Amino acid sequence: ISATGVRLKVSSPQIAIDELEVNPRPTLPGFRVNATRDQANVVITWEGGGVLESASEITGQWTPDANAVSPFRVPLNAGDKKFYRVRR
């Protein structure tokens, strides 16, 4: 069974399960993210939807940029460090 999650409802303190629900995986269109260098810029392109997010560290505080569209140009500045991802 393909599933995206399982939900268990517990009906008593003895943890007796009275319901189990398995949901089918949703069908998503193809998805691709690409980054290339173009002179003094990195160009990030993506297909299949999603919102570009950025962070100053790879581990977090990701911030969405709802106004970013593909292709998105990022200037290469010496000393600057930024991470990007596309979230669907």
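Hi everyone, let's start with Leu52: leaving out residues up to four places away in sequence, it touches Ile44, Trp46, Thr63, Pro64, Asp65, Ala68, Phe72, Tyr84, Arg85 and Val86. Please keep in mind that this is a predicted model.

Some of those partners come up again when we look at the nonpolar cores. Which residues make up the largest nonpolar core? There are six: Leu52 itself, together with Ile44, Trp46, Ala68, Val74 and Val86.

Now to Glu53, which sits in strand S5, residues 51–55. Is Glu53 buried or exposed? Its relative accessibility is 8%, and the cut-off for buried is under 20%, so Glu53 counts as buried. What does its side chain pair with? The side chain of Arg85 makes a polar contact with the side chain of Glu53, at 2.6 Å. If we set aside neighbours within four places in sequence, Glu53 is in contact with Trp62, Thr63, Pro64, Phe83, Tyr84, Arg85 and Arg87. You'll remember Thr63, Pro64, Tyr84 and Arg85 from the Leu52 list too.

Last stop, Gly48. You'll find this glycine in the loop between strand S4, residues 41–47, and S5. Gly48 has a relative accessible area of 33%, so it is partly exposed. Where does the chain come back to meet it? Not counting residues up to four places away in sequence, Gly48 touches Pro29, Gly30, Phe31 and Arg88. For Phe31, which is 17 residues from Gly48 along the chain, the two C-alpha atoms are separated by 4.6 Å.

How values were computed
Residues numbered from 1 in each chain as written. Predicted model: local features only at pLDDT ≥ 70, side-chain atom pairs only at ≥ 80, totals over all residues. Heavy atoms only, no water. Helix = DSSP H or I, 4+ residues; strand = E, 2+ residues; numbered from the N terminus. Buried < 20%, exposed > 50% of the residue type's maximum accessible area, 1.4 Å probe, protein only. Polar contact = N/O pair within 3.5 Å; in protein donor to acceptor, adjacent residues only side chain to side chain. Contact = heavy atoms within 4.5 Å. Core = buried A, V, L, I, M, F, W, Y, C linked by side-chain atoms within 4.5 Å.
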